[in-house]
Amino acid sequence: MPPASNPLIDTFGRIHDNLRISVTDRCNIRCFYCMPEEGVQFMQRSEILTFEEIEHFARVAVSLGVNKIRITGGEPLVRKDLPVLVEKLTAIPGVNDIALTTNGVLLAEQAQDLYSAGLRRLNVHLDTLDRERFHQITRRDDLPRVLAGIDRAQQLGFGPIKINAVAVKNLVEPDIVPLAQFGRERGIEIRYIEFMPLDAQGLWDHRKVLLTDEMIGLLEAGIGPLEVMPDPDPRAPALEYRWKDGGGAIGFIASVSRPFCLNCNRLRITSDGKLRYCLFAIEETDVKGLLRGNAGDDAIRQVIRDVVWAKWQGHEINTAKFVAPPRPMYSIGG
């Protein structure tokens with residue numbers, strides 16, 4: 001049985017204080033490693049949690065010790081009136097950190113309203129600075145809009161801004177160094193993410209993963225030496241490095257080659273109200289029924305505790321026992 005009081009702990013002693021909230025499964029680009037180009041079946045609008053339901057769940061989670069929230073999608077900026085939700089979440093006592101992950105296509109138009117609502121931290125998904133390759137990956141010609149969004153966010157004072165780049169072998173090798181140079185020039189940390197088995201089309205296999213050690217080799221050959229960041233946060237998902245010449249930091253999400261499961265402190269709620277203890281979880285627990293059925297907060301707290309207590313040790317990508325989750329990434333939430 002899970003403990004009946006804080007902290008929110010699992011059977012491996014991991015304390016959970018980080019909640020990822022997906023606000024939509026819809027997206028305005030079609031990255032080949034995430035979504036089919038056509039025929040995507042999205043959820044009915046009535047199945048998606050309202051802002052009031054999200055706020056209610058977040059308040060209950062915060063009462064259990066959650067203090068960090070990240071808004072994700074799909075693409076969260078396609079959700080109408082998103083700054084309204086940001087304002088609701090930033091107003092919850094106990095929330096110390098709120099961030100947003102976006103592909104940046106709509107960022108230039110919405111950045112001011114998001115900033116006014118209290119958002120400061122952004123992760124922008126961007127795999128390449130090459131317009132042709134951007135189109136090849138996303139099936140959309142929106143690179144200028146993404147770059148304009150980053151410019152606008154920096155002008156407004158968002159920070160820190162990080163760029164997330166998915167590393168697919170035999171595709172993005174020419175982009176590794178230019179992205180790092182872009183980050184060094186702009187004071188933006190680039191985070192390279194090893195390609196994970198979360199696509200909707202079964203495209204993933206180990207041979208398509210550009211591994212962290214390979215990327216470090218490219219970066220040191222193309223720019224200069226890196227060193228491990230001193231005193232890293234043991235619960236951070238990224239392996240943090242810095243340039244020895246003082247040119248800033250760089251990170252790697254090495255989910256395939258160096259999983260960080262034993263330090264995981266995250267919970268996720270999907271846009272249709274399913275609570276998950278892992279991005280790769282096979283099972284999930286409905287909380288939408290509780291939120292819409294006027295269940296008391298104690299009942300919601302118990303479900304959160306039960307889900308955390310049931311959390312597995314890790315996803316086992318590198319073993320024969322690994323089973324890909326039944327939902328693709330855009331439906332789970334990044």
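Two strands count as paired if DSSP finds at least two bridges between them. Helices (H or I, at least four residues) and strands (E, at least two) are themselves DSSP runs, numbered from the N terminus. With that in hand, R20 has R70 in β2 as its bridge partner.

This is a predicted model, where local features need pLDDT of at least 70, side-chain atom pairs count only at pLDDT 80 or more, and totals for chains, interfaces and linings use all residues. Residues are numbered from 1 along each chain as its sequence is written, and side-chain values use heavy atoms, with hydrogens and water left out.

**Strands β1, β2 and β3**

- Strand β1 (residues 18-22) runs parallel to β2, and five bridges join the two.
- On the other pairing, β2 and strand β3 (residues 97-102) are also parallel, this time over four bridges, with K68 standing opposite D97 of β3.
- Strand β2 (residues 68-72) is largely enclosed by the rest of the structure, because four of its five residues are buried (under 20% relative accessible area; exposed is over 50% and partly exposed lies in between, with a 1.4 Å probe and protein chains only).

**How the chain gets from strand to strand**

- β1, helix α1 (residues 51-63) and β2 form a β-α-β unit that is right-handed, meaning that with the strands pointing away from the viewer, the path from the first strand over the helix to the second runs clockwise.
- From β2 the chain crosses through helix α2 (residues 82-90) to β3, and this β-α-β crossover is right-handed.

**Helices α3 and α5**

- The axes of helix α3 (residues 107-116) and helix α5 (residues 143-156) come within 8 Å and cross at roughly 25 degrees; axes here are lines fitted to C-alpha atoms, for helices over the stretch in contact, with angles from 0 to 180 degrees between N-to-C directions.
- That crossing makes α3 roughly parallel to α5, a label for angles under 35 degrees.
- On the α3 side, the contact (heavy atoms within 4.5 Å) is made by L107, A108, E109, A111, Q112 and Y115, and on the α5 side by R145, A148, G149, I150, R152, A153 and L156.

**Helix α6**

- Buried residues of helix α6 (residues 173-186) include D175, I176, V177, L179, A180, F182 and G183.

**S271**

- S271 sits in the loop between β10 (266-269) and β11 (274-276).
- S271 counts as buried because its relative accessibility is 1%.
- Leaving aside residues up to four places away in sequence, S271 touches S22, V23, T24, D25, M43, E47, I48 and L49.

Note on methods: Angles under 35 degrees count as roughly parallel, over 145 as roughly antiparallel, 65 to 115 as roughly perpendicular and the rest as oblique.
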